[in-house]
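Thanks, everyone, for making the time.

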Amino acid sequence: MTYVDGNALAGPLREIFAVDLTAASGQCVACGQTGPVAALRVYTSAPGLVARCPGCDEVVLRLVRGPSGAWLDLRGCVSLQIPL
Amino acid sequence: MLSAGPTPRIPLESWQFAITTEAGQQHHWSWLELLALPSQTPTVDLHCVTKWSKLSTSWRGVSLDVLLEEVETAADFALAHSYGGYTTNLPLEDLLDGQAWIVYEYDGAPLPPEHGGPARLLVPHLYLWKSAKWVRGIQLLLEDEPGFWETAGYHDYGDPWREQRYQGD
Ligand SMILES: [Zn+2]
């Protein structure tokens, strides 16, 4: 067995999203700049939230909240370092 | 005004609109070439996914029927690209038969950058996120390719009359 199903993420993700992610530090895929989520430029007058890198304006994070769920796209982020 | 990023400012001298076929053939128009094409003045209702509608808005622009007239394609799908990086997908048939325009005037005045100027796509029978602001091109595709909001939970087609807001609606 080389992998387990996504249920294995439940515990870790619950812990992560229970903290204030704005203090987490991320690196922009496009330009490599590192900084806290709180320093991203967030465009809110759109169908979803679009957070862009303050260094290069590329999209780092997108969050769409539907009536029965949310979509989170972190493709623009190398990784998030989350203080716990 | 809905915006997912900073407002692009495109000088008219360097502005260009291009249609690229699935075979890689490109047809392009400069600003003056676009203005030289026969224009129409559609008056249409707009439907935003955030639940407001704006009735009887008046525009001037070029029908996609005119722009696609000389384009040879077997594509069923289109992906609109904008200055600033935005994309949105729609079936090619929704751009044809008087349903879509590249517009450059709103209410009798040049379209300001905040409203998507110098030119934007206008597809009033679909939710407004399909009417790409700051449009710079349309890519014709054999396979559907979801755009900016369509890859983040929004509906692939976006019919306001069927309230197709999110995936699964
Ligand atoms: Zn960056």
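What you are looking at is a predicted model, in which local features need pLDDT of at least 70 and side-chain atom pairs count only at pLDDT 80 or more, while totals for chains, interfaces and linings use all residues. Residues are numbered from 1 along each chain as its sequence is written, chains are lettered from A and ligands numbered from 1 in the order in which they are written, and side-chain values use heavy atoms, with hydrogens and water left out.

On confidence, the predictor assigns the complex an ipTM of 0.87 and a pTM of 0.92. Chain B has an average pLDDT of 96, and 99% of its residues score at least 70, where pLDDT is the predictor's confidence in each residue, from 0 to 100.

With the salt-bridge rule just given, the count over all chains is eight. In chain A, Arg75(A) and Asp73(A) form one of them, at 3.0 Å from N to O, and these two residues also belong, with Arg62(A), to a network of salt bridges. Arg75(A) is exposed at 60%, whereas Asp73(A) is buried at 12%.

Turning to chain B, Arg9(B) and Glu114(B) are joined by a salt bridge at 3.7 Å, N to O. This pair links distant parts of the chain, 105 residues apart, with Arg9(B) in the segment before strand 1 (16-20) and Glu114(B) in the loop between strand 8 (109-110) and strand 9 (120-122). Strands here are DSSP runs of E with at least two residues, helices are runs of H or I with at least four, and both are numbered from the N terminus. Arg9(B) is exposed, at 59%, and Glu114(B) partly exposed, at 36%.

What else sits in that loop between strand 8 and strand 9 of chain B? Pro118(B) does, and the peptide bond that joins Gly117(B) to Pro118(B) is cis, with omega about 15 degrees.

Another salt bridge in chain B pairs Arg165(B) with Glu163(B) at 2.7 Å, N to O. Arg165(B) is buried at 12% relative accessibility, while Glu163(B) is partly exposed at 46%. Glu163(B), which lies in the segment after strand 10 of chain B, also has a positive phi of about 50 degrees although it is not a glycine.

Lys51(B) is exposed, at 66% relative accessibility.

I will finish with Asp156(B), found in the segment after strand 10 (135-141) of chain B and partly exposed at 32%.

Conventions. Buried < 20%, exposed > 50% of the residue type's maximum accessible area, 1.4 Å probe, protein only. Salt bridge = Lys/Arg side-chain N within 4 Å of Asp/Glu carboxyl O.
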